[in-house]
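Student: I would like to go through this model with you. Let us ask what each label rests on.

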Amino acid sequence: MNIQTNFSLKNYNTFGIDAKAKQFVSVSSIAELKEVLTANNDIFILGGGSNMLLTQDIEKLVVHVNLKGREIVEENDDFAIVKAQAGENWHEFVLWCIDQNFGGIENLSLIPGNVGTTPIQNIGAYGVEIKDTMFSCDALNLKTLEIETFTNAQCKFEYRESVFKNELKNQYIITSVSFKLTKRNHKVSTTYGAIETELQNQNIQNPTLKDVSNAVIAIRQSKLPDPKELGNSGSFFKNPIIPKEAYEKAKALHPEMPHYVVSETEVKVPAGWLIEQAGFKGKRFGDAGVHKNQALVLVNYGMATGAEIVALSRNIQQTILEKFGIAIEAEVNII
């Protein structure tokens, strides 16, 4: 293993922030990971760098988890359990599953990042979340250096939440994730967002897994900037889930406010709509800005610092709280 010093993380975070790591090492096996952890107590774990905003240099050893590999662990006529190592690119894994005719994660196409971070955030898009298909995940206990397996239930999934973001935060490193995917009788989900419209535009009436994936990719590419071309981390904010009474109060002042029913007592309001109504869509503040096609996405036009992007996000949060009485939370981890 090659431990480097004063290492730029610009190419290791999708915002393209040029923060420095005091030390940096990339590990490609469990043995290497254990070796690094045995020799170093104070570390920073880095995956695909797609769900974080660096606001400062990292004054410790940054360990890039670069574990690779995917395999079919078990299968029958109806289902396959597929395992992917943590360092596998998520979108490439989704496409590989579709090529095998394994269904269940096609709506999650083109989400940036690596497989290992997907359960932490319970990533989701277009009506589908990781919790819908994740069978289990393996994680290295940082105290014992033993691999433990977590079932779906043990991950305590909620909207953009899991046990790894809460009571077990910073206690484990996810090393692989297994998914239970359909081999036949696929239940494609096309009712959320603009998927049905995109399929109709392509004159597709009985969509395959690949058709749904292609529709999602087309929609995302029309709305979301490519991080390789314009630094971003996808959706910066969570869609707020608020009490029904609070929604009714806000709706009385803003009758056009959209919502999705979550339960008898709660509704979800699109954060992108709130941000757009507050006048931020397409606005630029130096090299930090809000994307012109999707108000949920904050972008780095080239030389923005993490602190400048955080300042923009807080300006947005404060403005929405004042205008609508609704608090929105960052989905991105601010470091």
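Tutor: Start with Val-65, which sits in strand S5. Strands (E, at least two residues) and helices (H or I, at least four) are DSSP runs, numbered from the N terminus. A word on the ground rules: this is a predicted model, where local features need pLDDT of at least 70, side-chain atom pairs count only at pLDDT 80 or more, and totals for chains, interfaces and linings use all residues. Residues are numbered from 1 along each chain as its sequence is written, and side-chain values use heavy atoms, with hydrogens and water left out.

Student: Why is Val-65 called buried?

Tutor: Buried means under 20% relative accessible area, exposed means over 50%, and partly exposed is in between (1.4 Å probe, protein chains only). Val-65 has 5% relative accessibility, so Val-65 counts as buried.

Student: What does Val-65 contact, leaving aside its neighbours within four places in sequence?

Tutor: Contact means heavy atoms within 4.5 Å. On that basis Val-65 is in contact with Val-27, Ile-45, Leu-46, Ala-86, Gly-87 and Ile-173, with neighbours within four places in sequence left aside.

Student: How is the protein divided into domains?

Tutor: Domain 1 covers 4-65, domain 2 covers 70-222 and domain 3 covers 231-334. These bounds come from an automatic or database domain assignment. The centres of domain 2 and domain 3, taken over C-alpha atoms, are separated by 25 Å. Seven residues from domain 2 and seven residues from domain 3 take part in the contact.

Student: What makes up the largest nonpolar core?

Tutor: A nonpolar core is a set of buried Ala, Val, Leu, Ile, Met, Phe, Trp, Tyr and Cys residues joined through side-chain atoms within 4.5 Å. The largest one has 42 residues. Leu-9, Phe-237, Met-257, Leu-274, Ile-275, Ile-309 and Ile-316 have the most contacts inside this core. Several elements each supply at least two residues, including strand S2 (20-27), helix H6 (244-253) and strand S18 (288-290). H8 gives the most to this core, with six residues.

Student: Why is this core said to lie between domain 1 and domain 3?

Tutor: Both domain 1 (4-65) and domain 3 (231-334) give residues to this core, so it lies between them. Take Ile-316: not counting residues up to four places away in sequence, Ile-316 touches Phe-237, Ile-275, Phe-280, Val-290, Leu-298 and Ile-328. Apart from this core lies another, of 41 residues, among them Trp-90, Val-115, Tyr-126 and Ala-215.

Student: How many aromatic pairs does the structure hold?

Tutor: The structure holds 14 aromatic pairs. Phe-93 and Trp-96 form one, and this pair is stacked.

Student: What makes the pair of Phe-93 and Trp-96 stacked?

Tutor: Rings of Phe, Tyr and Trp (its six-membered ring) pair if their centres lie within 6.5 Å; planes under 30 degrees apart count as stacked, over 60 as edge-to-face and the rest as tilted. Phe-93 and Trp-96 are 6.3 Å centre to centre, with 20° between the planes. Hence a pair, and a stacked one. Both residues lie in helix H2 (residues 90-99), three residues apart, about one turn of the helix. Phe-93 has a relative accessible area of 0%, so Phe-93 is buried. Trp-96, at 19% relative accessibility, also counts as buried.

Student: Why is the pair of Trp-273 and Phe-324 called tilted?

Tutor: The planes are 50° apart, and the centres lie at 5.8 Å. That angle is neither stacked nor edge-to-face, so the pair is tilted. The pair links distant parts of the chain: Trp-273 in helix H7 (residues 271-277) and Phe-324 in helix H8, 51 residues apart. Both residues are buried.

Student: How do you know that Lys-268 lies over the face of Tyr-159?

Tutor: The test is NZ of Lys or CZ of Arg within 6 Å of the ring centre and within 35 degrees of the ring normal. Lys-268 is at 4.3 Å from the ring centre of Tyr-159. Arg-284 lies over the face of Tyr-301, at 4.1 Å from the ring centre.

Student: Where does UniProt place the feature "active site"?

Tutor: The unreviewed UniProt entry puts it at Arg-160, Ser-235 and Glu-331. They are spread over 172 residues of sequence but cluster in space, with a largest C-alpha distance of 11.5 Å. UniProt positions are given in the numbering used here, feature names are shortened, and annotations may be inferred rather than shown by experiment.

Student: Is Ser-235 buried or partly exposed?

Tutor: Ser-235 has 28% relative accessibility, so Ser-235 counts as partly exposed. Glu-331 has a relative accessible area of 13%, so Glu-331 is buried.
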